Amino acid sequence: MTTTIESPDLIEPEEPGGPAGHGPETHGHDGGHAEHGPSGLLKWLTSTDHKVIGKSYMITSLVTFFISGAMALVIRAQLSNPTSSLVNFQTYNELFTMHGSLMLYLFAGPFAFGGLANYIVPLQVGAPDMAYPRLNALSYWLYLGGTSVMTLSFVVAGGAASFGWVAYAPLSNSINSPGAGTDMWLMSLGLTGFSAIFTGVNLVATIFYLRAPGMTMFRVPIFSWNMLVTGILILIAFPVLFGAVVMLFCDRHFGTHIYSVQGGGVPVLWQHLFWFFGHPEVYILALPYFGIVTDIIPVFSRKPLFGYRGMVFATLSIAALSTGVWAHHMFTTGVVLLPFFSLLSYLIAVPTGIKFFNWIGTMWGGQLSFQTPMLFSMGFLFAFLMGGVTGVLLASPPVDFMTHDTYFVVAHFHQVLIGTTVFAGFAGFYFWYPKMFGRMLNERLGKIHFWLLFIGFWVTFVPQYVVGLKGMPRRIADYLTANGWTGLNQISTVGAMIIGFSFLFFFVNLVQSWRKPVPAGDNPWDGGALEWFTSSPPPHHNFTHLPPIRSERPVWDYNHPEHRKDESHGDKRHREHEGETVGANS
Amino acid sequence: MRVNGLILTVIGIFFGIIAIFYWFTAYEEAGFLMLIGSALLGLLPGGYYLWWSSRMTPLEGDMPDATVSDGAGVIDAFPGSSIWPFLLGMGAMFATLTFIFGLWLAPIAAALGLSAIIGAVVESRRGGSV
C-alpha cells in the first residue's frame with residue numbers, strides 16, 4: 001500500500017567493467033533491487049510493476065483464448081454434419097457470439113497491448129516501468145472485471161449475448177435481445193474499452209517520454225513503434241465504441257431511440273459507430289503482431305532490419321488509412337459511398353506490401369535459422385498473405401456483394417486474425433518467454449506445435465473459402481445435405497480439431513519448462529534490442545546498467561563491436577578491456 | 001519531441017483532409033464528425049508538442065549522442081505497490097453490474113470506488129511526488 005520513490009540513480013552511468021550482476025545467480029528472483037511491499041496473493045493484487053501486470057494480462061488473455069477456442073471446436077463439431085443437433089440454435093448463436101467477442105475484445109487485443117507490450121515496451125525503450133504504473137494496474141483490473149462479466153453472462157437467465165460480435169441494431173435492442181446477458185456483454189465492452197484506453201495512454205506516454213538517453217524515436221525497435229501507433233489508434237477507436245455501447249444501453253433501458261426507426265433514430269448509425277471502432281480495431285489487433293514479427297525476423301536472419309524507416313512509415317500509413325475505411329464493412333447497406341471506401345481500402349495494400357517486401361528483404365541473403373519463433377513468423381507471413389489478398393478482393397464492392405456474410409468472409413478474417421494473433425502472437429511468446437521467465441521452451445515441442453497448427457490452419461480455412469463461394473452463409477447452425485456443403489465442412493472440422501490438438505504440445509512445453517527448467521541466459525537468441533541487455537527475468541526496475549545507444553540495435557552493437565556500423569562513438573575502447581561479451585551465448 | 005509532434009500533426013492533417021473530402025462526397029454526419037474528432041486528436045497534442053519542441057530543453061531520449069550519464073538523476077516516482085487500482089477496478093465492475101441487476105449493488109460499488117479514489121489521492125500526497 002505504500003508508495004516507494006525509486007532512488008535517482010536507478011540507471012547508473014555505464015561502467016567500463018560491463019554490466020555486473022548479469023549472470024545465472026540473478027535468475028529466478030527479481031534481481032538486486034530490494035522490492036518493498038507485500039508478497040503472495042497480495043503482491044499480485046497490489047503490484048504496479050509492468051512485468052507482473054504484463055504476465056497477468058498474458059495469463060488472463062490466454063485463458064480466454066482457450067475458452068473461446070473450445071467454443072470454436074463445438075461450433076465446428078456442430079457444422080460437421082447437415083442438420084446436426086449437437087447444440088440447439090440458441091446455444092449455437094451464443095457460442096459464435098461469445099467466440100468472436102472473447103477472441104477479439106478479450107484475447108487478441110489485450111494479449112498484445114496488455115500482455116506482450118506491457119512487458120516488452122519499457123524494456124525495449126530502456127524505461128524503468130510504464131509511465132503511469134497505477135493506471136496500468138487499473139487497466140488490468142478493469143480488463144479482468146470485463147472478462148469476468150462477459151464470461152459469466154453464460155450463467156444468467158436468458159443466456160449470453162447471441163447477436164454476433166458486431167451487435168447490429170435493431171437485433172441488439174431490448175425486444176429482439178432481451179435478458180441480462182446482452183447487458184453484461186455491453187458493460188463488459190465498457191470496462192474493457194476503458195482498460196484499453198488507459199493502456200493506450202500509457203504506451204504513448206512511455207514511448208514519448210521514458211526513452212533512455214540516446215534512444216531517439218528512429219532508434220526505437222519496430223515492436224515499440226508499432227505499439228505507439230497502436231496506442232494512438234486505441235485512443236481514436238475505443239472512445240467511439242464506448243459511446244456507441246452507452247447509447248445502445250440507453251436505447252435498451254432508458255427509452256431513448258437513437259438506433260430505432262420508431263422513435264426517429266437511425267439503425268445504421270450503429271454500424272457507422274461500430275465500424276469506426278471496428279476497422280481500426282482490426283489494426284489494433286494486427287499492428288502489434290506485425291511488430292513482433294519485425295523484431296523476430298532480423299534476429300533469426302542475423303541481419304539488421306531491411307528498411308527501418310520504411311517500416312515506420314508503412315505502419316503510420318496503415319494506421320491512418322485504417323481509420324478512413326470503416327464503411328467497407330457496410331457496402332451492402334446501400335447507404336455508403338462505395339468508391340471512397342473502396343479506394344481507401346485498396347490503398348492499405350500498399351503499405352502492407354511494403355512491409356512484406358521489407359520482411360523478405362531482411363531475410364534475403366541472411367543466415368537464416370528456423371527456431372520456433374522464426375517458424376511461427378513464417379507461418380504468419382503465409383497466413384497473413386492469404387488473408388490479405390482475399391481482403392483486397394473483398395475491398396471491391398462487386399465481389400463484396402457476392403460474398404458478403406458468406407463463409408468466404410469468415411475464412412478471410414480468420415486467416416488474417418489467426419495469422420496475426422496466433423502465429424505472430426505465439427512467435428512473440430516463444431521469442432520472449434526466455435526473457436520473461438529465465439528459462440527456455442523446448443524446441444522440438446515448439447516445432448511440433450507449429451507444424452500441427454500450420455497444417456490444421458490451412459485444412460480448416462481453405463475449404464471455408466470454397467464453401468463460401470458455393471453460397472454457405474455465416475452464422476447458420478445447420479444446413480441441408482442438398483446444399484452440397486457437407487464434405488468441405490467436414491474437412492474444415494478435421495482441421496479445427498488438429499488446431500485444438502496442437503495446443504496440447506504447447507501445454508506440455510510449458511509444464512516441462514517449469515518442471516525441468518533450462519536456464520536461458522540474458523540473450524539466448526543473440527537479439528539486438530535493449531530488452532536482451534538486462535537479466536532474464538529483469539530486475540525490479542529493469543536495468544542496472546545500459547549500453548550506449550547509437551543505433552536501433554544497441555545490444556548487437558555492444559556484443560559485436562566488430563560489426564558496428566557507426567564507429568565514431570567512443571565506447572569501443574571499453575570493449576577491448578573486457579574480453580568476453582555479455583549475453584552473446586548462442 | 002519534434003518527431004512526436006510531427007507524427008501526430010501529420011495524422012491530424014490527414015484526417016482533416018479525409019474529413020473534408022468525405023463530407024463533400026458522402027454528406028454523412030456520423031462519419032464526418034468522427035473524422036473531425038480524429039483530426040483534432042492528432043492536431044491538439046501534436047501542435048502542443050511542436051510548439052514546445054523548439055522551446056524546451058531536449059529530452060535525453062531525443063539526443064542522438066546522449067550517454068547514460070546524461071540521464072542520471074531522478075527519472076520519476078514509481079509507486080512500488082498499490083491496492084487502490086484493484087479496488088477501483090472492482091468498484092467499476094460493480095458499478096456496471098448495478099445498471100443491470102439493480103441498485104442493491106450500488107453501495108458496494110460506491111464503497112469500493114470512493115475508498116479507492118480517496119486512497120489513491122492520499123497515497124500520492126503522502127509520498128508520490130518527486
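Trainee: Which residues in α7(A) meet which residues in α8(A)?

Mentor: This is a predicted model, in which local features need pLDDT of at least 70, side-chain atom pairs count only at pLDDT 80 or more, and totals for chains, interfaces and linings use all residues. Residues are numbered from 1 along each chain as its sequence is written, while chains are lettered from A and ligands numbered from 1 in the order in which they are written. Contact is assigned when C-beta atoms, placed from the backbone, lie within 7 Å. On the α7(A) side stand His279(A), Pro280(A), Val282(A), Tyr283(A), Leu287(A) and Thr294(A), and they meet Met311(A), Thr315(A), Ile318(A), Ala319(A) and Ser322(A) in α8(A).

Trainee: How do the residues of the contact of α7(A) with α8(A) divide into nonpolar, polar and charged?

Mentor: Ala, Val, Leu, Ile, Met, Phe, Trp, Tyr, Cys and Pro count as nonpolar, Asp, Glu, Lys and Arg as charged, and the others, Gly among them, as polar. On that basis the contact of α7(A) with α8(A) has seven nonpolar, four polar and no charged residues.

Trainee: Why is α7(A) described as roughly antiparallel to α8(A)?

Mentor: Helices are DSSP runs (H or I, at least four residues; strands are E, at least two), numbered from the N terminus. Axes are lines fitted to C-alpha atoms, for helices over the stretch in contact, and angles run from 0 to 180 degrees between N-to-C directions. The axes of α7 (residues 267-301) and α8 (residues 308-322) of chain A are 9 Å apart, at an angle of about 170°. Angles over 145 degrees count as roughly antiparallel (under 35 as roughly parallel, 65 to 115 as roughly perpendicular, the rest as oblique), so α7(A) is, relative to α8(A), roughly antiparallel.

Trainee: Which element gives the most to the side of chain A that touches chain B?

Mentor: The contact involves 59 residues of chain A and 54 residues of chain B. Elements giving two or more residues to the chain A side include α1 (40-46), α4 (133-152) and α5 (180-209) of chain A. With eight residues, the one that gives the most is α4(A).

Trainee: What radius of gyration does chain B have?

Mentor: Chain B has four helices and zero strands, and its C-alpha trace spans about 55 × 50 × 20 Å along the principal axes. The radius is taken over C-alpha atoms, and the globule rule is 2.2 Å times the number of residues to the power 0.38. A compact globule of 130 residues would be near 14 Å, but the radius of gyration of chain B is 22 Å.

Trainee: What is the mean pLDDT of chain B?

Mentor: pLDDT is the predictor's confidence in each residue, from 0 to 100. In chain B, 95% of the residues reach 70 or more, and the mean pLDDT is 88.

Terms used. Contact = placed C-beta atoms within 7 Å.
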